[in-house]
Amino acid sequence: MENRLEEKQARALRTRVRITKTLLSPEIGALVIGLVLAIITQMINPNFLSATNILSILKNCSFIGIMAIGQALIIMSGEMDLSVGNVAAFGTVVFGWLSIWEGLPWYIGALGGLLFAIIIGFLNGLLMLQIGVMKWVATLATSNLCAGLASYIARGVPITPMPETLGNFGNIELFSGVFGENTGGISIFFLLFILLVAIAELIIRYTRIGRMIQACGINSDSAYMAGVNTKKVKWITLIFVSILSFIGGFLVCCNHKVVVPAGLTGADFKTIAACYIGGIGFVGSAGSVLGLFFGVILLQLVENAMSSIGWDPNAQLCFIGALVMFVLVLDVIKRRYMASRIELI
């Protein structure tokens, strides 16, 4: 009888631990803040939750979201890339230089920009994995290199006009009119974002390279002892980050119909913030690409809400920084709580 009572108490305690773990998760904390902010914003601006504004939020989250997918994968492998914004800027400036100024077909310019982005990803891997430079220093160095090259090539001015084909691509919307009259439809950019999220999630969950990425993040030394070529896996992931960075920047150019050398400033912080808000921590392998998807949407929701109520852009940046700190604190509290109850889980 006493053993049954103890077993029942243990089960109840394990249930409480699971519930507490869920409630203290970064995703839940950020979601609560997002919902509260959305309610307050809707009370101030009744158009905030209109179909038009929601479709705009989904469209605008696509660009940072695509870059953040690569950031998520490299964080899962135990590394980080602080150069995604300037890699995107450099790649798109190369595209603008070749396609707009030199008159080459747009796809040749796009391939040129993609090639240079891949070279930067390879260079990051060379510095971090082969030479042994700290990831913070290596990617900051390549970030500044890309920023300087982009500014030098573009001569500090926007590159325009975009090829008409790309401008028309940026205007594509599906399911127009479904969400109400004169509301437009779902942007092709958001649909592409969803497609890339699905592909990345499938790679992480069901492929050998995905399992190796997670193994590197959990314990790189153990993964190496188990036969995983950790250096090769991380190098491939760094190149993949640069590819997605260029794609995100290229889509920004298609949307705005202009190439701006400094148009992606702050993308590095936003991609990292989206990862943390989505539950992907710096301990490697934590979280999922699906969690990142909701983190990106929540981040864009917060930005849009603050713009809707007329907050100064500098105050918006402060709020996002505070949100990330809140998520970090929640994550630390959760880990300490789980460590103190680990024997009961």
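Which residue forms a salt bridge with Glu-201, and how many Å apart are the closest N and O atoms? The legends below, which describe close-up views of a predicted model, take up that pair before turning to other parts of the structure.

**View 1. The salt bridge between Glu-201 and Arg-205 in helix 8.** The partner of Glu-201 is Arg-205, and the closest N and O atoms of this salt bridge are 2.4 Å apart. Because the two residues lie four places apart in helix 8, Glu-201 and Arg-205 are separated by about one helical turn. Glu-201 is buried, with a relative accessible area of 12%, whereas Arg-205, with a relative accessible area of 48%, is partly exposed.

View 2. The structure holds three salt bridges, and one of them joins Glu-79 to Lys-234, with 2.9 Å between the closest N and O atoms. In another salt bridge, the side chains of Glu-303 and Lys-270 meet at 3.2 Å, N to O. Glu-303 counts as buried at 13% relative accessibility, while Lys-270 counts as partly exposed at 26%.

**View 3. Aromatic pairs and a charge over a ring.** The count of aromatic pairs comes to 12. Trp-106 and Tyr-107 form an edge-to-face pair, with 6.0 Å from centre to centre and 80° between the planes; Trp-106 is partly exposed at 32% relative accessibility, as is Tyr-107 at 47%. The rings of Phe-193 and Phe-293 have their centres 5.5 Å apart and their planes at 35°, so this pair is tilted. Phe-193 and Phe-293 are both buried. Ring pairs also link Phe-95, Trp-106, Tyr-107, Phe-246 and Phe-250 into a cluster. Elsewhere, the charged end of Arg-155 sits over the ring of Trp-101, 4.7 Å from the ring centre.

**View 4. The largest nonpolar core and the surroundings of Met-162.** The largest nonpolar core has 86 residues, of which Ile-69, Met-162, Phe-193 and Leu-292 touch the most other members. Helix 3 (residues 51-76) supplies the largest share of this core, 15 residues. Leaving aside neighbours within four places in sequence, Met-162 is in contact with Phe-95, Ile-100, Cys-253, Cys-254, Lys-257, Val-258 and Val-259.

**View 5. Helix 4 and the residue Gly-103 that follows.** Helix 4 (residues 84-101) has 18 residues and reaches 25 Å from its first C-alpha to its last, close to the 26 Å expected at 1.5 Å a residue. The helix is mostly covered, with 16 of its 18 residues buried. Gly-103, which follows helix 4, has a positive phi, near 75°.

**View 6. Ser-242 within helix 11.** Ser-242 is found in helix 11 (residues 230-256), and at 1% relative accessibility Ser-242 counts as buried. Apart from neighbours within four places in sequence, Ser-242 is in contact with Val-87, Ala-117, Ile-120 and Gly-121.

Conventions
Residues are numbered from 1 along each chain as its sequence is written. This is a predicted model: local features need pLDDT of at least 70, side-chain atom pairs count only at pLDDT 80 or more; totals for chains, interfaces and linings use all residues. Side-chain values use heavy atoms; hydrogens and water are left out. A nonpolar core is a set of buried Ala, Val, Leu, Ile, Met, Phe, Trp, Tyr and Cys residues joined through side-chain atoms within 4.5 Å. Buried means under 20% relative accessible area, exposed over 50%, partly exposed in between (1.4 Å probe, protein chains only). Contact means heavy atoms within 4.5 Å. Rings of Phe, Tyr and Trp (its six-membered ring) pair if their centres lie within 6.5 Å; planes under 30 degrees apart count as stacked, over 60 as edge-to-face and the rest as tilted. A charge sits over a ring if NZ of Lys or CZ of Arg is within 6 Å of the ring centre and within 35 degrees of the ring normal. The expected span of a helix is 1.5 Å times one less than its number of residues. A salt bridge is a side-chain nitrogen of Lys or Arg within 4 Å of a carboxyl oxygen of Asp or Glu.
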